[in-house]
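Student: Could you take me through this model feature by feature, giving the general idea before the particular case?
Tutor: Gladly; please have the sequence and the coordinates open.

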Amino acid sequence: MATTAAPAGGARSGAGPEWGGFEENIQGGGSAVIDMENMDDTSGSSFEDMGELHQRLREEEVDADAAAAEEEDGEFLGMKGFKGQLSRQVADQMWQAGKRQASRAFSLYANIDILRPYFDVEPAQVRSRLLESMIPVKMVSFPQKIAGELYGPLMLVFTLVAILLHGMKTSDTIIREGTLMGTAIGTCFGYWLGVSSFIYFLAYLCNAQITMLQMLALLGYGLFGHCIVLFITYNIHLHALFYLFWLLVGGLSTLRMVAVLVSRTVGPTQRLLLCGTLAALHMLFLLYLHFAYHKVVEGILDTLEGPNIPPMQRVPRDIPAALPAARLSATVLNATAKAVAVTLQSH
Amino acid sequence: MAKAAESSGDPGTTTPRPLFAGLSDISISQDIPVEGEITIPMRSQIQEFDSSTLNESVQNTIMRDLKAVGKKFMHVLYPRKSNTLLRDWDLWGPLILCVTLALMLQRSSVDSEKDGGPQFAEVFVIVWFGAVTITLNSKLLGGNISFFQSLCVLGYCILPLTVAMLVCRLVLLAEPGPVNFMVRLFVVIVMFAWSIVASTAFLADSQPPNRKALAIYPVFLFYFVISWMILTFTPQ
């Protein structure tokens with residue numbers, strides 16, 4: 001049940017009715033909290049309950065503040081003259097408004113506490129969830145349970161960033177190092193957050209029972225397979241090995257996510273759409289990660305070794321200008337398609 | 001008041017109520033009038049300290065601060081379970097170390113076609129935002145360390161890696177080769193392990209006992225990234 005903040009200005013029976021509207025406008029619509037739905041039968045965890053409890057406590061606190069302010073206003077009315085009373089009330093109202101804004105800004109910092117329940121894990125739990133993310137479970141008649149935590153996924157994304165950086169071991173990459181770091185972080189976080197949001201949106205269209213938090217957790221743990229594959233294949237540069245791991249490990253983690261989604265969706269078309277999209281994006285991301293960074297390594301090796309590229313290999317990024325025959329046409333070739341470049345280079 | 005009720009929460013339980021107690025420290029009570037002077041709710045001895053050191057010479061101030069920073073460097077180099085770093089935290093040491101590291105890592109690309117500017121900014125941003133992320137993570141896991149204390153410890157524990165950077169630059173003056181690389185790899189690995197041991201000695205006590213591994217793992221990743229930046233550095 002989604003609990004939104006009931007505006008504290010609702011039950012206002014104070015002595016300053018002409019200023020009541022002023023307060024309500026300042027109040028706004030509640031606090032800046034990401035309200036997670038506590039929805040389905042499988043999310044029996046108390047994580048969402050904790051979040052709602054904190055939110056309710058904070059609203060009560062704001063209510064108590066406002067009620068105390070109202071009592072003080074009432075006391076002053078009988079004492080001073082009208083002008084003093086008016087200025088006093090204006091000052092107090094502005095003070096209250098400023099204080100409320102400041103405490104709302106402060107609650108943005110204290111929003112850390114809203115994320116706290118999602119980090120409430122033990123190392124043994126993280127370990128078991130990592131292993132389970134590689135094991136597809138074939139139960140599709142009942143919704144499978146997804147652990148709603150953010151520690152594991154966040155650490156996996158950071159680990160993926162570290163592995164991507166480690167993949168660039170050759171010292172010549174120092175020139176590209178500045179942009180690679182930002183690119184690696186942007187790629188991994190962009191994938192995790194962006195694809196989660198996109199699949200959540202599709203799940204909303206396909207009427208699947210999954211929350212945003214669960215989607216983030218599911219996709220985050222799905223990156224464990226990516227970490228393993230990239231860690232191994234960045235150290236052992238064999239294409240056949242990479243394809244084998246891509247199918248095996250990547251396929252297993254994709255199957256696990258697909259099985260979970262199928263168990264939470266009704267209808268064959270919806271299942272196909274949702275799971276097909278997720279499977280395609282997940283597998284293609286692993287492919288992209290391997291080849292995007294592998295390409296840079298190959299480009300450097302080409303400049304070192306020359307144009308000795310077997311025809312079945314991948315195309316280098318740039319034609320080395322050291323080729324005497326291609327020097328004149330280097331600029332032209334670099335602007336045309338890569339396939340043309342391979343053909344011309346093999347001559 | 002609802003605040004008083006929350007601040008009486010038991011810090012030993014897993015509910016995050018004790019954190020709400022911090023709110024009552026900075027909230028201003030209802031009966032302070034709008035006009036009047038604002039008093040800063042800090043410890044009074046800090047104000048006495050400031051007023052008594054206002055008239056001393058700049059050299060005295062700088063030497064005192066440098067001595068404090070140097071003392072903390074010693075604590076990092078010989079890590080024992082003490083809380084000197086935690087008690088009197090300061091951010092001068094981390095700033096000096098971060099700027100030194102960024103400057104040394106930057107000079108590599110001055111001669112290349114790429115501008116040396118982004119290199120400095122990248123290192124700076126990675127160090128500070130990495131430290132902020134680790135601090136947030138350890139707080140979310142239930143640690144009772146303050147934000148700046150954690151930043152202070154993580155920044156000071158970059159010292160071994162800065163030393164590794166200096167050693168690598170000296171080693172790179174010799175002729176390049178696999179031996180050169182092995183020496184640098186060995187030095188960086190040793191300093192990386194030293195950094196992690198030092199930061200663990202300071203940070204581990206602030207975590208719940210069964211979650212130390214969860215809090216230390218991002219520290220490991222953080223120093224790994226910095227070590228990687230140092231190891232893959234070449235001056236050409």
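The dialogue below turns to conventions, helices, the nonpolar core, aromatic pairs and record annotations.

Student: What conventions apply here?
Tutor: This is a predicted model, in which local features need pLDDT of at least 70 and side-chain atom pairs count only at pLDDT 80 or more, while totals for chains, interfaces and linings use all residues. Residues are numbered from 1 along each chain as its sequence is written, chains are lettered from A and ligands numbered from 1 in the order in which they are written, and side-chain values use heavy atoms, with hydrogens and water left out.

Student: How many helices and strands are there in chain B?
Tutor: Helices (H or I, at least four residues) and strands (E, at least two) are DSSP runs numbered from the N terminus. Chain B has 11 helices and zero strands. Of the contacts in chain B with a separation of 6 or more, 72% are between residues 24 or more positions apart, where contact means heavy atoms within 4.5 Å.

Student: Which residues of H4(B) are buried, and which exposed residues lie on the face turned away from them?
Tutor: An α-helix has 3.6 residues a turn, so residues three or four places apart point the same way. Taking buried as under 20% relative accessible area, exposed as over 50% and partly exposed as in between (1.4 Å probe, protein chains only), the buried residues of H4(B) are Val69(B), Lys72(B), Phe73(B), His75(B) and Val76(B). They cover an arc of only 165° around the axis, which puts them on the same side of H4(B); the arc is that of the directions from the helix axis to the C-beta atoms. The face turned away from this buried side carries the exposed residues Gln59(B), Lys67(B) and Lys71(B).

Student: Which residues have the most contacts inside the largest nonpolar core?
Tutor: A nonpolar core is a set of buried Ala, Val, Leu, Ile, Met, Phe, Trp, Tyr and Cys residues joined through side-chain atoms within 4.5 Å. The largest one has 114 residues, and Tyr223(B) and Ile226(B) have the most contacts inside it. Its largest share, 12 residues, comes from helix H11 (residues 212–231) of chain B. Leaving aside neighbours within four places in sequence, Ile226(B) is in contact with Leu101(B), Val127(B), Ile158(B) and Leu161(B).

Student: How many aromatic pairs does the structure hold?
Tutor: A pair of aromatic rings is described by the distance of the centres and the angle of the planes. Rings of Phe, Tyr and Trp (its six-membered ring) pair if their centres lie within 6.5 Å, and planes under 30 degrees apart count as stacked, over 60 as edge-to-face and the rest as tilted. There are 16 such pairs over all chains. One of them is the edge-to-face pair of Phe119(A) and Tyr151(A), at 6.4 Å centre to centre and 75° between the planes. This pair links distant parts of the chain, 32 residues apart; Phe119(A) is buried, with a relative accessible area of 4%, and Tyr151(A) is buried at 3%.

Student: Where does the UniProt record place "transmembrane region" in chain A?
Tutor: UniProt positions are given in the numbering used here, with feature names shortened, and annotations may be inferred rather than shown by experiment. The unreviewed UniProt entry lists residues 150–168, 180–203, 215–234, 240–260 and 272–293 of chain A. Over residues 240–260 of chain A, the model is 100% helix and 0% strand, with end C-alpha atoms 30 Å apart.
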